[in-house]
Amino acid sequence: MTRLGDFGRIAVIWLVTSTVGMVLVATVLAPHLPPGGASTEASGQRFDNEVLTLVSVPIVAMIVVYFGYVLIAFREREPSVLADGPPIRGHMRTQTIWIVVTTLTVLFLAAFGTYELLGGSGGGQGPNPAFVPAAQTTAAGVKREPLQVQVIGQQWQFTFRYPSFGGFETAQLVLPVDRQIELHVTSLDVIHSFWAYKLGVKADANPGVDNIAYVTPKHLGSFDLRCAELCGLFHGYMFDTGRVVSGADFAKWVAGQRAFMQPVLKYLPPFEHSYLPEPTIRGG
């Protein structure tokens with residue numbers, strides 16, 4: 001076998017393996033990649049994971065095919081012959097192809113990741129977001145402002161305030177489906193991290209800081225909430241379940257919460273985007 005023939009066979013096997021692998025990833029694996037499709041942001045993150053997986057398939061295939069071929073085609077068939085093969089001093093064509101291909105791959109991933117990140121990824125963007133999603137419009141063409149929900153981390157739970165409905169505070173996170181949500185994440189004590197995995201949202205909760213993240217739920221159902229930052233002794237117990245409900249059910253829930261919380265609303269501090277309560281240092 002000539003060297004050209006070996007490289008040709010490797011290229012053909014690699015091409016077939018890569019094509020089959022990419023088709024399987026796109027049709028079988030992609031629908032099950034995390035974090036799913038429960039929100040617009042989660043669907044975008046799943047698409048990003050699909051692209052990254054597709055890019056990695058030809059790279060992994062090249063490594064597996066090349067080493068597999070070498071182990072089979074160039075194995076020592078005469079155990080009595082112990083002489084080393086001819087030394088390789090360099091191969092300009094191979095080195096050039098390697099540098100060009102790897103450079104283009106890295107540049108593509110950098111450009112793609114930057115574009116996707118600037119397009120909104122469900123992460124916290126601080127008090128002055130660089131990316132603000134386009135406002136929703138109703139069927140009548142009326143601009144619809146995002147629903148503001150404040151997420152307050154504290155040892156060891158999250159509570160939520162709804163400033164559009166009198167600023168009541170509750171331990172339940174309920175969101176309307178197909179409604180753009182503007183989350184204002186902050187903390188009363190130490191650093192927490194608000195993580196709604198199924199919604200594709202993660203934002204640090206820092207005391208005295210308003211960290212804004214956007215999410216648009218797409219499906220009815222429940223989702224898990226967790227703190228993703230070690231925040232003290234009972235950090236492991238800082239989890240809960242939120243719900244995405246219809247617009248009508250959300251309105252009923254808000255009315256019920258406002259009625260239930262009415263007797264204690266006067267004790268709540270005025271709504272602010274961040275708080276520095278007294279005492280400023282809490283136990284734990």
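In this predicted model, strands E3 and E4 form a hairpin in which two residues lie between the strands. E3 spans residues 147-154 and E4 spans residues 157-162. The two strands pair in the antiparallel sense, over five bridges. Within this pairing, Thr-159 of E4 is the bridge partner of Ile-152. The loop between E3 and E4 holds Trp-156, and the peptide bond leading from Gln-155 to Trp-156 is cis, with omega near 0°.

E4 also takes part in a second hairpin, with E5, and here five residues lie between the strands. One of the residues of this hairpin, Gly-166, takes a positive phi near 90°. The pairing of E4 with E5 is again described as antiparallel and comprises three bridges. Tyr-162 has Phe-168 of E5 as its bridge partner. Of the six residues of E4, five are buried, so this strand is largely enclosed by the rest of the structure.

Helix H4 covers residues 247-261. Its 15 residues reach 21 Å from the first C-alpha to the last, close to the 21 Å expected at 1.5 Å a residue. Phe-250, Trp-253, Val-254, Gln-257 and Met-261 of H4 are buried. These residues lie on the same side of H4, because they cover an arc of only 100° around the axis. The face turned away from this buried side carries Ala-248, Lys-252 and Ala-259, which are exposed. The cover over the buried residues of H4 includes strands E3, E4 and E5, together with E6 (174-176) and E12 (239-245).

The largest nonpolar core has 33 residues. H4 gives the most to this core, with four residues. The residues with the most contacts inside the core are Val-149, Phe-160, Tyr-162, Leu-173, Leu-183 and Phe-194. For Phe-194, when neighbours within four places in sequence are left aside, the contacts include Val-151, Phe-158, Phe-160, Leu-173, Leu-183 and Val-185. Phe-194 is also in contact with Val-201, Lys-202, Ala-203, Leu-225 and Arg-226.

An open sheet is formed by five strands in the order E6-E12-E11-E8-E9, with mixed pairing. E6 and E9 (201-205) are the edge strands, each pairing on one side only. From one strand to the next, the twist averages 25°. Strand E8, residues 192-196, is joined to E9 by five bridges, and the two run antiparallel. Lys-202 in E9 is the bridge partner of Trp-195.

Two further backbone features occur in loops. Between E6 and strand E7 (181-187), the loop contains Asp-178. Phi of Asp-178 is near 60°, a positive value in a residue other than glycine. Asp-178 is partly exposed, and its relative accessible area is 47%. The loop between helix H1 (3-29) and helix H2 (40-73) contains Pro-35. The peptide bond from Pro-34 to Pro-35 is cis, with omega near 0°.

Note on methods:
Residues are numbered from 1 along each chain as its sequence is written. This is a predicted model: local features need pLDDT of at least 70, side-chain atom pairs count only at pLDDT 80 or more; totals for chains, interfaces and linings use all residues. Side-chain values use heavy atoms; hydrogens and water are left out. The expected span of a helix is 1.5 Å times one less than its number of residues. Buried means under 20% relative accessible area, exposed over 50%, partly exposed in between (1.4 Å probe, protein chains only). The arc is that of the directions from the helix axis to the C-beta atoms. Contact means heavy atoms within 4.5 Å. Two strands pair if DSSP finds at least two bridges between them. A nonpolar core is a set of buried Ala, Val, Leu, Ile, Met, Phe, Trp, Tyr and Cys residues joined through side-chain atoms within 4.5 Å. Axes are lines fitted to C-alpha atoms, for helices over the stretch in contact, and angles run from 0 to 180 degrees between N-to-C directions.
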